[in-house]
Amino acid sequence: MIADYVEEYQEGVPLTEVQQLLNKQDSAVNQILYKCEATLTIEVIRQRAQSLLAGHISVSSCYKKVAGFTSHRGIPFIGASVNVQECTWSFQREPNLAQLNLSAPLDIAPEQGVNLDVCVVTSAGDMYIAVRSFALALDLTSLQLIAQYITSDDEVDEALQFPDFVAWQLDMFDDEEGLAGQAYWQHYLSNSLPDALNLPYKKREIDTSNVTYSQLSHQFTGEFVSQVEQFAKTLDLTTFQVIQLSRWWLLARLAPQHTFLTQLNYDPRSESEEFEGALGCYNKEL
């Protein structure tokens, strides 16, 4: 299967907007620490980690600049590998990622197709695995799926591949609803929205030198939640989705910049069975 993608995407796969944003950061790394329920041998862990390469293009790709393109691209690569290492935890407290990164430094090389580092940690009779990755290849949800697979006896199911996701995303932007959304934002950015959609204030640049920050919380009343539930049913959505989209809408109207990220990310793996077992950086920027 990898060979088919290598042949089809010789110039690589375009990165999503989120990946391009991550690529501008000095350190693009995701990592989790996962406690194993049973003791596993390093050979079994290495074998299961390496087997991921045969079925997931996001792990088996080089991420680098390609002539003729302005941003990095993911290039499927048959020679990709996973780095597996061991670490004995000598501290009294439980293992943590900050100290582990000093004791067993992360070893990835995205340009050579090494996007995943699995560190087996033994501590006072317990076993942990630290799953660390290049953020443009794998997000946190992917690392959780990888950790569960490495520490289980389950077979790897055939999963939707990242190039297929990119193609789906491009198609989504070109369909009728996607074009309508693009038209709305073009009007929004050009300040030509109908009066009914404009909020009664003028957005301006803020002098950040005098800005202070605080957190606010608001408890919804039962009556309000009931109204939202009824409204959500008319749109075939959940109550949480309506509240989340409303929050995004408000942030979009208040934010000085044209694009921004929220902590409530869109992840197609939670929306569709087709994406459920997929690996890759799927979080979408609003």
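Colleague: Let's start with aspartate 126: is that residue buried, partly exposed or exposed?

Modeller: Bear in mind that this is a predicted model; in it, aspartate 126 has a relative accessibility of 32% and therefore counts as partly exposed, since anything under 20% would be called buried and anything over 50% exposed.

Colleague: And which residue does aspartate 126 form a salt bridge with?

Modeller: The partner is lysine 35, with the closest N and O atoms 3.8 Å apart, and lysine 35 is likewise partly exposed, at a relative accessible area of 44%.

Colleague: Where do aspartate 126 and lysine 35 lie in the chain?

Modeller: Aspartate 126 belongs to strand 7 (residues 126-134) and lysine 35 to strand 2 (residues 29-35), so the pair ties together parts that are 91 residues apart in sequence.

Colleague: How many salt bridges are there in total?

Modeller: The count comes to three. Another of them joins the side chains of aspartate 117 and arginine 132, at 3.0 Å from N to O; aspartate 117 lies in strand 6 (residues 116-123) and arginine 132 in strand 7, so this pair connects parts 15 residues apart in sequence.

Colleague: Are aspartate 117 and arginine 132 buried or exposed?

Modeller: Aspartate 117 is buried, with a relative accessible area of 0%, and arginine 132 is buried too, also with 0%.

Colleague: What about arginine 269, which side chain does that one meet?

Modeller: Arginine 269 meets aspartate 139 in a salt bridge of 2.7 Å, N to O. This pair links distant parts of the chain, 130 residues apart, with arginine 269 in the segment after helix 9 (239-254) and aspartate 139 in the loop between strand 7 and helix 5 (140-150). Arginine 269 counts as buried at 7% relative accessibility, and aspartate 139 is buried at 3%.

Colleague: Last one, the overall picture: how many helices and strands does the protein chain have?

Modeller: The protein chain has nine helices and seven strands, and of its 286 residues 39% count as buried. Its accessible surface comes to about 17800 Å², of which 52% belongs to carbon and sulfur atoms. As for contacts between residues at least 6 apart in sequence, 70% join residues at least 24 apart.

How values were computed. Residues numbered from 1 in each chain as written. Predicted model: local features only at pLDDT ≥ 70, side-chain atom pairs only at ≥ 80, totals over all residues. Heavy atoms only, no water. Helix = DSSP H or I, 4+ residues; strand = E, 2+ residues; numbered from the N terminus. Buried < 20%, exposed > 50% of the residue type's maximum accessible area, 1.4 Å probe, protein only. Contact = heavy atoms within 4.5 Å. Areas by Shrake-Rupley, 256 points an atom, 1.4 Å probe, with all protein chains shown as cover. Salt bridge = Lys/Arg side-chain N within 4 Å of Asp/Glu carboxyl O.
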